[in-house]
Amino acid sequence: MLAIRKRNFLSPKKFSLISSSVTFALDFLIHGLKELGRISYSDNKFTPLHAHQFITSNIGLKIYHLIAKVSLLMVKSFIQEWFTINVYCNSHFNLRKFKVKKETDEYEDDRFYLDRIIETVVLPSFTFLCPFPPLAPLSSLIPFPREYIILKVYNLIYKMRNVNILNIHEDEIKELLENYELCKFRYLNAKPNMENIYEMKYEQDKNINYLEKKLTEDEFNLFEDLETNLQLNLKSLMKMFEAFLYLKSDYNKFNELFNECLKIDENNFYALQLKVNYLMLKYSENSELISDRLMEGYELCNRVLTILQNVQHSLPIREDLDQKINEIPKDEREYLPTDNRIIDLILNPFCYPLALFSLYLIKFNLLPRNEVDSYFITAMISFTMCELYTRLPLRGAYYLEKADLYFIGNSLEKAVSSFEKFEKYFDRFNKENIIFQFEKYATCLLRLGKPVECREMLDKYVKLYNGHFRMKWLQFRVEYITSETNEQLEKIKEKLEQFINELSEFTNASVVEVLNNAQTTLLEIKGKIKKKSKVSQFYSSN
């Protein structure tokens, strides 16, 4: 079910374009189906041979190319939110029924499921263009439309954003590069023939007279981005994919091709996005390069946001925007831009990595002291932009990072609030990767004068971690910090001595680190007990 979203950017021109394209495609489709019926069902059978006869005819190829144009337009309508999507099902393009998930443990509100629909349903379904199911075995024989190349580009970009970027889809990229060259050759050598367009002519795939127009190389390569309407260059995008084929094997070659890609189109923000993803993934691999990689990522994000300020069309906004802005604490609201918005991509926002690069530069003490406040404000604004305007699903990692920023800024109540939002995502994480965050969580609660809540939180997570040595150590540490009497200290000492004996059997670095800390704390406890005993003896003797 698609409901038209009433927005000022839903212009009659857009719907006129959809209407005329669909009408033209259907006109050809009606004539094509009549002819298909004649050649396919004369012997009550429909075979791949019949399908091949049809799709390689002049009418079949025109239908195929027109459907490609309409499909590209439909994907654009999803990305730019020309529609409100509740349930979308279209069996003609083999889209499976997709019921919107609204579970509170996964989505903050309805705006986030758009991201999932586009990545898992819309792009894959519209990219593999087959007007009729029996054509699937023939897909390698059909001349691909230019629109298919564009859709495949977006499909790959979406795939590569959420996976380890070094796990490159090499076969898909190589296939795309090959199809790009074949497709470009056809369009640059087209011989349009608009006479007797409804007269069936077979084996037209061997000619190039089914295209409407012969294109120049620039006309073939230049197209409007589906999200921003900014001009992009297919040649630059192909060079981008070619560069990433060398990312694992030859980093110098990767850089060479990547620079060529940006020479062709310096505003290719999708290339910059993949480079940002790579830097985010690899920044900590070499301690000597951490600062350079984080700063490069920070600068690339700002570069893209500068490019995106040229977006002219009205961007989608959430209906409850005013309410959400009012929910932002006053001390944070004053940092928002005067028009409340930084222009950014909706589904792959650069504000999010910008917030993380800013946070890590502060966190690892890589900035001059007089610049820390500026980067802190940048991170805060960027996080807020993600919450207010993007369709980025804000799941557990987001809340942990924001809690980290609040912790660094000594906004303890807000840090605790972010930790609490994270808790519902706990089961989805590799527990080893986030165990260090609970020390900050406990510290915030203790500084806020909430020792009882702190102990309850740790009791809960010690069980969830199945008695993990780091969580047990943190639990002992909090019990020690909040202890007041000699009796409490004695109990902690006994537990800690037993804990130290258990750890002494292990030799790995992380256990040895905790063991050393535990032994130091045990000495502190013994000293405190001795001191309290002396004080007690003094008062009892007097």
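These legends walk through several close-up views of the predicted model shown above.

Residues are counted from 1 along each chain as its sequence is written. Because this is a predicted model, local features need pLDDT of at least 70 and side-chain atom pairs count only at pLDDT 80 or more, while totals for chains, interfaces and linings use all residues; side-chain values use heavy atoms, leaving out hydrogens and water.

**View 1. The whole chain, to get your bearings.** The protein chain holds 23 helices and six strands; these are DSSP runs, with helices being H or I of at least four residues and strands E of at least two, numbered from the N terminus. Of its 542 residues, 51% count as buried, a word used here for under 20% relative accessible area, with exposed meaning over 50% and partly exposed in between (1.4 Å probe, protein chains only). Contact means heavy atoms within 4.5 Å. Among contacts between residues at least 6 apart in sequence, 72% join residues at least 24 apart.

**View 2. The largest nonpolar core.** A nonpolar core is a set of buried Ala, Val, Leu, Ile, Met, Phe, Trp, Tyr and Cys residues joined through side-chain atoms within 4.5 Å. The largest one has 131 residues, and those touching the most other members are Leu234, Met238, Met240, Phe241, Phe269, Tyr270 and Phe438. Look at methionine 238: leaving aside neighbours within four places in sequence, its contacts are Ile149, Val153, Leu176, Leu177 and Tyr180. A second, separate core of 17 residues includes Phe476, Leu496, Phe499 and Ile525.

**View 3. Helix H14 and its surroundings.** Helix H14 covers residues 351–363, and its 13 residues reach 18 Å from the first C-alpha to the last, close to the 18 Å expected at 1.5 Å a residue; the expected span is 1.5 Å times one less than the number of residues. Since 12 of the 13 residues are buried, H14 is largely enclosed by the rest of the structure. Among these buried residues are Cys351, Pro353, Phe357 and Tyr360. The helices that they pack against are H10 (269–282), H11 (290–308), H15 (372–389) and H16 (396–408). Just after H14, asparagine 365 takes a positive phi of about 55°.

**View 4. Aromatic rings meeting edge-to-face.** Rings of Phe, Tyr and Trp (its six-membered ring) pair if their centres lie within 6.5 Å; planes under 30 degrees apart count as stacked, over 60 as edge-to-face and the rest as tilted. By this rule there are 26 aromatic pairs. One of them joins phenylalanine 383 and tyrosine 398 edge-to-face, 5.3 Å centre to centre with 90° between the planes. Phenylalanine 383 sits in helix H15 and tyrosine 398 in helix H16, 15 residues apart. Phenylalanine 383 is buried at a relative accessible area of 0%, and tyrosine 398 is buried at 2%. In another edge-to-face pair, the rings of phenylalanine 426 and phenylalanine 438 have centres 6.0 Å apart and planes at 75°. Phenylalanine 426 lies in the loop between helices H17 (412–422) and H18 (431–434), and phenylalanine 438 in helix H19 (residues 437–447), so the pair ties together parts 12 residues apart in sequence.

**View 5. A buried glutamine in a loop.** Glutamine 80 is found in the loop between helix H3 (58–79) and strand S2 (83–85). Glutamine 80 is buried, with a relative accessible area of 1%. Glutamine 80 and isoleucine 346 are 266 residues apart in sequence, yet 8.6 Å apart in space, C-alpha to C-alpha.
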